[in-house]
Structures are given as structure tokens and as C-alpha cells.
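Please read this briefing alongside the sequence and the coordinates. The points are grouped by topic.

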Amino acid sequence: MIVLSTFIEAFANILHTLINIYIWVVIIAALITFVRPDPYNPIVQILFRLTNPVYAFIRKLVPTLIGGIDLAPLIVILTLQFVDLFAVKLLFALANAL
């Protein structure tokens, strides 16, 4: 039981860290779009490759362009925050219950 509890806590910590890293990737990618970055820059390419598939999925579900402002990054961040608060806390509660 202790091994399972420790495994669940470790998984929850890793999930929490990955969610936070991706939130920062989304924030940085959104901020970069304000300065018209060089599309051939490797860092810009990595950021766009990491975020554009998620944005495309969100845009298929919900119209995200309102008044010339793309709300896809905000929707992604809010969704990730919900997953972080709900799933990670649920995993910690499960680990504590064992």
C-alpha cells in the first residue's frame, strides 16, 4: 500500500510539473506573437510546434477569434489549470487515502 501511495504521489508531482511547464510554453508563445518573431528561429519553431496542434484542436471546438484577439492560449491555460487543480489534487487525495 505504501509503495502504491508513493507511486501515485510521484505521478501526481510529475503531472503537475509537466502541466506547469506547458503553461509557460503557451504564455511564452503567446507573448512572442506580439513582436513578429523570425519564423526561421529554432526557438520560435519549437514553441509553435508545441502549441499549434493544441490551438488547432481548440479552434475546431470553439470560435476563439473575438475582436481580432485569439483566445486559444487563454482557453488552453484555463483548461490546464482545471486539470491541474482537479486531477492532481484527486491523485494526492487518492494517495493519502491508501
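The model is predicted. Helix α1 has 31 residues, and helix α2 has 20. A search of the whole structure turns up one salt bridge.

**Helix α1**

- The end C-alpha atoms of α1 are 45 Å apart, close to the 45 Å expected at 1.5 Å a residue.
- Buried residues of α1 are S5, I8, A12, I19, Y22, I23, V25, V26, A29 and I32.
- The cover over these buried residues of α1 includes α2 and α3.
- Apart from residues up to four places away in sequence, L15 touches V88 and L91.
- L15 and L71 are 56 residues apart along the chain, and their C-alpha atoms are separated by 24 Å.

**Helix α2**

- Helix α2 covers residues 42-61 and should span 28 Å at 1.5 Å a residue; its end C-alpha atoms are 29 Å apart, which agrees.
- At T51, α2 bends by about 30°, and the proline P53 follows within four residues.
- T51 is also one of the buried residues of α2, along with V44, L47, Y55 and I58.
- Residues three or four places apart in an α-helix point the same way, because there are 3.6 residues a turn.
- The buried residues of α2 pack against α1 and α3.

**Helix α3 and L80**

- Helix α3 runs over residues 72-97, and L80 is found in α3.
- L80 counts as buried because its relative accessibility is 17%, against a cut-off of under 20%.
- With neighbours within four places in sequence left aside, L80 is in contact with I19, Y22 and I23, each of which is listed among the buried residues of α1.

**Salt bridge**

- Side chains of opposite charge can pair when their charged atoms come close.
- The salt bridge joins D70 and R59, with 2.3 Å between the closest N and O atoms.
- D70 lies in strand β2 (residues 69-70) and R59 in helix α2, so the pair ties together parts that are eleven residues apart in sequence.
- D70 is partly exposed, at 28% relative accessibility.
- R59 is partly exposed as well, at 38% relative accessible area.

**Backbone angle at R36**

- Which residue has a positive phi although it is not a glycine? R36 does, at about 50°.
- Most residues other than glycine have a negative phi.
- R36 sits in the loop between α1 and α2.
- R36 is exposed because its relative accessible area is 76%, and the cut-off is over 50%.

**Nonpolar surface patch**

- M1, L4, F7, F11, L94 and L98 make a nonpolar surface patch of about 640 Å².
- Helix α1 (residues 2-32) gives the largest share of the patch, three residues.
- F7, one of the patch residues, is found in α1.
- F7 counts as exposed because its relative accessibility is 56%, where exposed means over 50%.

How values were computed
Residues are numbered from 1 along each chain as its sequence is written. This is a predicted model: local features need pLDDT of at least 70, side-chain atom pairs count only at pLDDT 80 or more; totals for chains, interfaces and linings use all residues. Side-chain values use heavy atoms; hydrogens and water are left out. Patches are made of residues with over 30% relative accessible area and no salt bridge: like charges are joined within 9 Å, nonpolar side chains (Val, Leu, Ile, Met, Phe, Trp, Tyr) within 5 Å. Accessible areas come from the Shrake-Rupley method with a 1.4 Å probe; for residues, only the protein chains shown count as cover. A salt bridge is a side-chain nitrogen of Lys or Arg within 4 Å of a carboxyl oxygen of Asp or Glu. Helices (H or I, at least four residues) and strands (E, at least two) are DSSP runs, numbered from the N terminus. Buried means under 20% relative accessible area, exposed over 50%, partly exposed in between (1.4 Å probe, protein chains only). The expected span of a helix is 1.5 Å times one less than its number of residues. The bend at a residue is the angle between axes fitted to the seven residues ending there and the seven starting there. Contact means heavy atoms within 4.5 Å.
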